[in-house]
Amino acid sequence: MSSSVVVETGSGPGGSPRLRGKTRCPACKAVQEWSDECRRCKCDLTLWHRLARDQARRRVAALTALARQRPQEAFDHARAAFRLGADAETARLAAVTALLSGQFVEALWYARLAESYG
Ligand SMILES: [Zn+2]
């Protein structure tokens with residue numbers, strides 16, 4: 001996902017992560033706060049928003065699993081987060097969790113991806 005996403009855990013509806021920061025409308029490229037409608041082209045961004053929240057939820061789950069000393073579970077969540085939105089931050093998380101779970105080839109692959117995103 002080519003957006004700047006900051007997660008606030010447990011503060012959204014139903015305890016889901018709330019997104020802060022900016023996103024770029026996939027239709028008109030306007031940079032804006034997270035919302036379900038583009039401020040400029042009025043495009044429905046509900047699915048875009050949901051995808052970002054799901055990715056954020058998976059990243060939080062990965063960090064929680066790491067804190068509980070469950071590296072394989074953390075890697076599973078990080079990999080799922082990367083599938084939902086490929087970006088440098090999520091690739092780094094996947095690389096670290098892969099490394100901690102002893103999956104060195106995957107760790108190297110995600111680390112190289114993280115570098116390629118900048
Ligand atoms: Zn737009």
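The crossing of α1 and α3 is left-handed, a term applied where the near helix is turned anticlockwise from the far one by less than a right angle. The model is predicted, with local features requiring pLDDT of at least 70, side-chain atom pairs counting only at pLDDT 80 or more, and totals for chains, interfaces and linings using all residues. Residues are numbered from 1 along each chain as its sequence is written. Helices are DSSP runs (H or I, at least four residues) numbered from the N terminus.

Helix α1 spans residues 46-67, and its axis comes within 11 Å of that of α3, with a crossing of roughly 25 degrees. Axes are lines fitted to C-alpha atoms over the stretch in contact, and angles run from 0 to 180 degrees between N-to-C directions. Helices α1 and α3 are therefore roughly parallel (angles under 35 degrees). R59, A62 and L66 of α1 contact T90, L93 and T97 of α3, where contact denotes C-beta atoms, placed from the backbone, within 7 Å. The residues of this contact comprise 3 nonpolar, 2 polar and 1 charged (nonpolar: Ala, Val, Leu, Ile, Met, Phe, Trp, Tyr, Cys and Pro; charged: Asp, Glu, Lys and Arg; polar: the others, Gly among them).

Helix α2 (residues 71-84) packs against α3 (residues 88-100) at an angle of about 155 degrees, the axes lying 8 Å apart. This angle makes α2 roughly antiparallel to α3 (over 145 degrees). The crossing of α2 and α3 is left-handed. On the α2 side, P71, A74, F75, A78, R79, A81 and F82 meet T90, A91, L93, A94, T97, A98 and L100 of α3. The contact of α2 with α3 involves 11 nonpolar, 2 polar and 1 charged residues.

Notes. Helices (H or I, at least four residues) and strands (E, at least two) are DSSP runs, numbered from the N terminus. Angles under 35 degrees count as roughly parallel, over 145 as roughly antiparallel, 65 to 115 as roughly perpendicular and the rest as oblique. Two residues are in contact if their C-beta atoms, placed from the backbone, lie within 7 Å.
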